[in-house]
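Visitor: I have a structure to go through with you. Can we start with the charged pairs and then turn to helix packing?
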Amino acid sequence: MASGFFAILDDIAALMDDIAVTSKVATKQTAGILGDDLAVNAEKATGFLSSREIPVLLQIMKGSFINKLIIVPIAFLLQWMYPPAIKIILVFGGLYLAFEGVEKIIEYFFHKKEESGKEVIQEIEAPGTSGEAEEKSKVKSAITTDFILSIEIVIIALGTVLNEPLMVQIITVSIVSIIATVGVYGIVALIVRMDDAGFKLIKKSGQKGFLNTLGEFLVKALPWVIKALGVIGTVALILVAGGIFDHNIDYLHHLLPNVPSMLKQAIYGIVGGLVMLPVFILFKRAFKFVKKAN
């Protein structure tokens, strides 16, 4: 009886060792996409009233957890039933990300005044006005983008453990999904509260000394960090999309062999976004038309 109990403990210990090793490998493999995920979600989680930043971030984080609860079992089911479906889903997700990235670039260059007006309204409006609708729209957009990025994270993590037993695969992918969500949004929360931390340091220092200098730096740096994240997030959307096309479409993977991979992926992302731009515009107009008709 005792020997059987210790044998079970030994099996559990061996399983934990396997999971620790595979989780480390899977996390390392997804590090690049996690960096892009951080940039994209940090950009989407900024621009709200100070009092709404953390509640909004918690909403997006909750949506991210739900996304992964949906994606993980579906990924395992598709891997078992029809493995090529994973690549098809990734490519469609890449087209959406490419569209988002290109749309942001076009908005910046051609709708700059309109966008700046929206930002002013968003900053001064209180909850309960049209600012609330704007907030819901941004949260929805962030969760949708997170869904695509979560697919990429889950698939990459799953790809590193395909030769392992099913239990190891499930636990490893689950651990990576949790680390991705908590880690990314934890860092985003720190970024969006930089100014509050700065004000507290200034107050605590009595407006003198090193703490005061550090506090002023944090307060002044936040707008620049947010702008930088906006640029990085847009670039990340295009590169992630281009990377999906490059790694999952065999023809594109072997096209432009002498072009550096990052530049090649940027080209694929921009072209994919430009192709999908009229498609999404027509779809939105058709949706509005149907909505008005009803």
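Guide: A salt bridge here is a side-chain nitrogen of Lys or Arg within 4 Å of a carboxyl oxygen of Asp or Glu. Keep in mind that this is a predicted model. The side chains of Lys 264 and Asp 246 meet that definition, at 3.7 Å from N to O.

Visitor: Where do Lys 264 and Asp 246 lie?
Guide: Lys 264 is in helix H11 and Asp 246 in helix H9, so the pair ties together parts 18 residues apart in sequence.

Visitor: Are Lys 264 and Asp 246 buried or exposed?
Guide: Both are buried.

Visitor: How many salt bridges does the structure hold?
Guide: Three. One of them joins the side chains of Lys 68 and Asp 146, at 4.0 Å from N to O. Lys 68 sits in helix H3 (residues 53-81) and Asp 146 in helix H6 (residues 130-159), so this bridge connects parts 78 residues apart in sequence. Lys 68 is buried at 4% relative accessible area. Asp 146 is buried too, at 0%.

Visitor: And what does Lys 284 pair with?
Guide: Glu 103, through a side-chain salt bridge of 3.5 Å, N to O. Lys 284 belongs to H11 and Glu 103 to H4, and the two are 181 residues apart. Lys 284 is partly exposed, with 41% relative accessibility. Glu 103 is partly exposed as well, at 22%.

Visitor: Switching to packing. At what angle do H9 and H11 cross?
Guide: Roughly 100°. H9 covers residues 209-248 and H11 residues 261-293, and their axes come within 7 Å. Angles of 65 to 115 degrees count as roughly perpendicular, so H9 and H11 are roughly perpendicular to each other.

Visitor: Which residues meet there, between H9 and H11?
Guide: On H9, they include Ile 238, Leu 239, Phe 245 and Asp 246. On H11, Met 262, Lys 264, Tyr 268 and Ile 270 are among them. By class, the contact has seven nonpolar, six polar and two charged residues.

Visitor: What about H4 against H9?
Guide: H4 (residues 84-110) and H9 pack at about 150°, with axes 8 Å apart. Over 145 degrees counts as roughly antiparallel, so that is how H4 and H9 run. Their crossing is left-handed.

Visitor: Which residues of H4 and H9 make the contact?
Guide: From H4, Leu 90, Val 91, Leu 95 and Ile 105 are among them. From H9, they include Leu 237, Val 240, Ile 244 and Phe 245.

Visitor: How does the contact of H4 with H9 split by class?
Guide: 13 nonpolar, four polar and three charged residues.

Definitions and conventions: Residues numbered from 1 in each chain as written. Predicted model: local features only at pLDDT ≥ 70, side-chain atom pairs only at ≥ 80, totals over all residues. Heavy atoms only, no water. Axes fitted to C-alpha atoms, helices over the stretch in contact; angles between N-to-C directions. Helix = DSSP H or I, 4+ residues; strand = E, 2+ residues; numbered from the N terminus. Parallel < 35°, antiparallel > 145°, perpendicular 65-115°, else oblique. Contact = heavy atoms within 4.5 Å. Nonpolar A, V, L, I, M, F, W, Y, C, P; charged D, E, K, R; others polar. Left-handed = near helix turned anticlockwise from the far one by under 90°. Buried < 20%, exposed > 50% of the residue type's maximum accessible area, 1.4 Å probe, protein only.
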